[in-house]
Each structure stands twice: as structure tokens, then as C-alpha cells.
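Dear colleague,

I am passing on the structure below, followed by some notes on what was found in it. Please read them with the model open beside you.

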Amino acid sequence: MWYQGDDDEEEDLLFSPALMARRASESWIDTPPVEVLATQTSLQRKKSLPDVQELPRATRQMPREEVSYLGSARREEVRRQIDERERLRANPLLYLVSPQVKDWFSRQQLVLVVLFINISLAIMFFKLLT
């Protein structure tokens, strides 16, 4: 007797509104579910390291003169940076005339003009109110 009731519940589940809506919404999908796709194709893993034979090889070595020139240019650049850092540490006002600040002002010229106009308009507006 209780078996018959359980069968009715299964039958009710087959025709439940949620299951019917799911079937209707999935009826237009033409690709199989992910579970089916995973079993049909074998997974191909991505290689963790590149193949050494396929890497490009250096075609030539640098001559000693070029290595010496590049090394001395790098040492000179590092020396210049250290010297500039020491001068800026000694006189912080030099930051205002440094090339980086000048470049920043030239890049932000339009923004600074708009900011100046907005501030001047705000001051005029407050003077009109008082």
C-alpha cells in the first residue's frame, strides 16, 4: 500500500511544474550538457614548460667593444642618478624645476586650465551670494 503512494509521488515529480519549466527552457539548447562533453573528448593538458628545441636561439654574440660601451654607459647613468638624488635630498626645492615636474605640467596643461577656471567661477559665485 505504501509502495503505491511512493509511485504516485514519483509520478507527481515527473509532471511537476518546476521540472516541466526546466524541460521547456532546455528544449531549445542544441549542445549536449557539460557532463556528456567531458566524457566524449579527452583532456589535453597545457605544457608547463616550453619545448627547448622550439625556442629561438641567439644568432650572434655581442662584440667586446659593444659590451664595454654598454657597460660604461650604464655605469654613467647610475652615477648620474645617484648624483641627482643627492642634490634633490640636499635641496628639496629643486623638485619644482626638475624635468619630470615640467613634463607633468605640460601633459596636464588642459586639466590645470579647467581647474583654474572652475575655482575662479566658484569664487565669483560665492561673491555674488554674499
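Leu121 sits in helix 6, which spans residues 109-129; helices here are DSSP runs of H or I with at least four residues, strands are runs of E with at least two, and both are numbered from the N terminus. This is a predicted model, in which local features need pLDDT of at least 70 and side-chain atom pairs pLDDT 80 or more, while totals for chains, interfaces and linings use all residues. Residues are numbered from 1 along each chain as its sequence is written, and side-chain values use heavy atoms, with hydrogens and water left out.

With a relative accessible area of 49%, Leu121 is partly exposed, a class that lies between buried (under 20%) and exposed (over 50%), using a 1.4 Å probe and protein chains only.

The UniProt annotation "transmembrane region", from an unreviewed entry, covers residues 110-129; such annotations may be inferred rather than shown by experiment, and their positions follow the numbering used here, with feature names shortened. Over residues 110-129 the chain is 100% helix and 0% strand, with its end C-alpha atoms 29 Å apart.

The protein chain as a whole has six helices and zero strands, and of its 130 residues 2% count as buried.

The structure holds two aromatic pairs, which require ring centres within 6.5 Å (Phe, Tyr and the six-membered ring of Trp) and are called stacked under 30 degrees between planes, edge-to-face over 60 and tilted otherwise. Trp104 and Phe105 form an edge-to-face pair, at 5.2 Å centre to centre and 70° between the planes; Trp104 is partly exposed at 40% relative accessibility, and Phe105 is partly exposed at 43%.

Best regards
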